[in-house]
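Here are my notes on this one, as numbered points. Have the model open while you read.

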Amino acid sequence: MSTPPADTIDTPAAAPVDTHCPYCSLQCGMTLRPTGLTGLTGPADPGGGPRGVPSGEPGGEPNSVPYGVEVVERTAFPVNRGALCGKGRTAPELLSPGARLTGPLVRDATTGQLAPASWDQALDRVAEGLTRAGAVYGRDAVGVFGGGGLTNEKAYALGKFARVALGTSQIDYNGRFCMSSAAAAHTRAFGLDRGLPFPLADVARTGCVVLVGSNLAETMPPALRYLTELRENGGRLIVVDPRRTRTAEQADLHLAPRPGTDLALALGLLHLVVTQGRTDEEFIAARTAGWHEARAAAMAYWPELVERITGVPVPQLREAVALFCDAGSSMVLTARGPEQQSKGTDTVGAWINLCLATGRAGRERSGYGCLTGQGNGQGGREHGQKADQLPGYRKLDDPQARRQVAEVWGVDPDTLPGPGRSAYELLDALGRDIHALLLMGSNPVVSAPRAAHVEGRLKALDFLAVADVVLSETAALADVVLPVAQWAEENGTVTNLEGRVLLRRRALEPPPGVRTDLEVIHALADRLGRPKGFPADPEEVFEELRRASAGGPADYAGITYRRLAAGDGVFWPCPEEDHPGTPRLFLDRFATPDGRARFAPVTHRPAAEETDADYPVLLTTGRVLAQYQSGAQTRRVGELNAAAPGPFVQLHPRLAERLGIVDGEPVAVVSRRGRAVAPAALTRAIRPDTVFMPFHWPGAGRANTLTNPALDPTSRMPEFKVCAVRLERVAGTAHPTPADAARR
């Protein structure tokens, strides 16, 4: 495999550059056009913050003029065809020195405050902190925590850095909180995990889509056009969500189950498929295994029982089966709703069973897919930053995989550590078993479940280093903060939700004082005695990634920067440079040893935490249109922050009336883990037994203060989507309930 010359990739600063959005897994195409270095000027910092700390805080009003480049539609790119949401359109605003970190910060031992430092001082301090923890407590006392927004090159280098330079097994990433249950179910059923085994374009051409736990209209708006085109083409849309979201409003049928009961719902639909004689026996016999056990499990979930468990009426269950099976082709697409549960792997498995039993898998315009969330959520889980993984989606405990990757890395396979803790378990061990942490591209103070506890564990560390674009809530706790380059300031690859590998291209230089993540890893490895093996050039890293992934499930060996720069991406697996890539998986056989898909013999079980007299309401969480993930970046964009300025508690008017809660006034939501306060937002678009909070904000309204870290036994996914809470009127805003009025 040859490396193309660098001048085939880099573009002169004066020319427009085709690249991709930094946010969600669509990785929408866009063109960046130079405008000149106008910059942003945030509001003055009354505290006189140090150099390197942006003057604008989240929620401020920065100037809206983009820094150096502006976004232009890229209509030829097939995924979004020019469409962009507000987040993508305003992404250049964060490139301004006024909106970001522009120099390293080191905590002063005397004042306890973060203060400006040179890069050498900061890197020396990080190397010292990591080395000391390893020397005193052992190598596994050093942890590394990555992110689903890191490019393939960064995820690969970070995993290699942890296992080779640090010698620790303690590495995982925030993608564990995103699509790990779907990945586990996908692998169990099909032998391979790629979010969508088909291009998004196929969604518009199928006959019926069942969309489970996704609000596409707000989480990835440009993808909504595929559902619109589906219906224009005569297809039908079923949306499963406890809320009547903007996406559910587009549906032919909206099923609103009680949070935590998606598994029972899928089993009930399969029961009806069997009793109505709608199974595809020929497909089952030829291309699957395990049907007898899965069928027996589903037969225990007759329609009336499923209605009692889920709250979905029997006539709607029957209508859903008719829509799904009467169509000549059908798909099931899941997102975080069914996946972020303590039984998420089994829940997704039950929806896959529905596809397999009806022959809606391994065929064009049919199948199961996961709508991956983060920008590189797919690639980020393929190349080594997961606790149990090596590049190419290889298993860390596979001796052959260890030998192949160790040969590429030039190390003895016996020196590679084994699997480590999953994300929440790693965070929970901070300050006890793990004493130093290097964190890149994540903000767990806001995004982790049981967030107040996680914040306390971070504070208990002997040493914390954070590499980030902005001073996030997590970075503010660090001993060292390293300012890193953004998406438009470096080359690198990402893999979108379709498995399409894409090239993000550099459009301008980062501000002085800012380095790339790869430069940070290179400099730290050098200080830790590994001067070679950690290049800072992304294309050089990708060439090594190609070799390390060759022959693995996620095989990138045939993908080069030259190919990516010349086209609209390449679908993996792609084992050779003359291979066209694989837009559609499983058409001939599944990726299991015998080529057959596996049914999952699953049964419903309650959520880890059900309601009771003390906590009688269910909480579910999610996103809103104008914010993204922990909000560390989007809360710094004036337009986005104006559209979604803070948290809220969405609840049904019937529940509000019973508790004396008034629309717009503060309400406290209390779980067994803590208390959050935010304005009430009354709507009939949610079940009366359920409240919803978005999770983008820190402070008093932090939704993840409340959420339950109960883990799925297979994927180790926390149960973000359902926990028991109670609502309390906030002092000073009390209003009489009907019962109070009656007593008077």
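Helices (H or I, at least four residues) and strands (E, at least two) are DSSP runs here, numbered from the N terminus. This is a predicted model, where local features need pLDDT of at least 70 and side-chain atom pairs count only at pLDDT 80 or more, while totals for chains, interfaces and linings use all residues. Residues are numbered from 1 along each chain as its sequence is written, and side-chain values use heavy atoms, with hydrogens and water left out.

1. Start with R100, in the loop that runs between α1 (86-89) and β4 (105-107). R100 counts as buried because its relative accessibility is 0%; buried means under 20% relative accessible area, exposed over 50%, and partly exposed in between (1.4 Å probe, protein chains only). What does the side chain of R100 meet at 2.6 Å? The side chain of E489, in a polar contact.

2. R81 is not a glycine, yet its phi is positive, near 50°. R81 belongs to the loop between β3 (68-73) and α1, and it counts as partly exposed because its relative accessibility is 33%. Y393 also isn't a glycine and has a positive phi of about 65°. Y393 sits in the loop between β14 (389-390) and β15 (394-395), and is buried, with a relative accessible area of 14%.

3. Check the peptide bond from W572 to P573 as well: this one is cis, with omega near 0°. P573 is in the loop between β21 (570-571) and β22 (597-598).

4. Axes are lines fitted to C-alpha atoms, for helices over the stretch in contact, and angles run from 0 to 180 degrees between N-to-C directions. Under 35 degrees counts as roughly parallel, over 145 as roughly antiparallel, 65 to 115 as roughly perpendicular, and the rest as oblique. By class, the contact of α4 with α13 has eight nonpolar, five polar and two charged residues.

5. Helix α2 (residues 119-137) packs against helix α18 (residues 517-527) at about 60°, with the axes 10 Å apart, so α2 is oblique to α18. The residues making the contact include W119 and L123 of α2, and V520 and R527 of α18. The class count for α2 with α18 is seven nonpolar, no polar and three charged residues.

6. Last pair: α14 (residues 399-409) and α19 (residues 538-549), whose axes are 9 Å apart at an angle of about 155°. That makes α14 roughly antiparallel to α19. Q404, V405, V408 and W409 of α14 meet E544, R547 and A548 of α19. The residues of this contact divide into four nonpolar, one polar and two charged.

Definitions and conventions: Polar contact = N/O pair within 3.5 Å; in protein donor to acceptor, adjacent residues only side chain to side chain. Nonpolar A, V, L, I, M, F, W, Y, C, P; charged D, E, K, R; others polar. Contact = heavy atoms within 4.5 Å.
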